[in-house]
Amino acid sequence: VRVLEIPSGKMVASGCGMFGDGMLEKFDEWFSALPRPVFPRDFLGFDQARGGFVWYYMLPEGADPPPEFELVDFPGGLYAVATGVDGEDNGGVMQAIDDFLRDHPQFVRDAGRPELGNVITPPMPALLLGYSQMDHYIPIKKARA
């Protein structure tokens, strides 16, 4: 488990949807056509209130999002991050994060921000491995003293 800080700033958001309805696929098609950075700039989260996924993309400086997607203010913050296999049960990954938080009481989960994830495996290694790795981002914050 590692602790990362995602900076606050503008992100492009897909809108709320489910895989197969076309919205998320259109968003994937858009950002996948952009130059691939060393580290993924996309983050997928589930919006419990609206019952669907929202895909975010950290917009490069000076870039404009397509008009069909919303530009949103992303709050950023600290995340406990662990890697699992995309599409498989993530119970072991979540347990590792829970164990980390238990062993590091200076951090607690931050229920005010969504859990996120992103696939970190580039296409060629995914083809060779037969699967993709996924980072799971659990929002955390400093525990109250």
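The structure is a predicted model. Strand β9, which spans residues 133–142, is mostly covered, with seven of its ten residues buried. Bridges join β9 to strand β6, to strand β7 and to strand β8. S14, a residue of strand β2, is buried as well.

**Pairing of β9 with β6**
- Strand β6 comprises residues 77–85 and runs antiparallel to β9, to which eight bridges join it.
- Within this pairing, L78 has I140 of β9 as its bridge partner.

**Pairing of β9 with β7**
- Strand β7 covers residues 107–109, and three bridges connect it to β9 in an antiparallel arrangement.
- K142 in β9 is the residue that stands opposite F107.

**Pairing of β9 with β8**
- Strand β8, formed by residues 116–119, is likewise antiparallel to β9, and four bridges join the two strands.
- The bridge partner of G117 is H136 in β9.

- S14 belongs to strand β2, which extends over residues 9–17.
- The relative accessible area of S14 is 5%, and the residue therefore counts as buried, the cut-off for that class being under 20%.
- With residues up to four places away in sequence left out, S14 touches M23, L24, F27, F53, V54, W55 and F69.

Definitions and conventions
Residues numbered from 1 in each chain as written. Predicted model: local features only at pLDDT ≥ 70, side-chain atom pairs only at ≥ 80, totals over all residues. Heavy atoms only, no water. Buried < 20%, exposed > 50% of the residue type's maximum accessible area, 1.4 Å probe, protein only. Pairing = 2+ DSSP bridges. Contact = heavy atoms within 4.5 Å.
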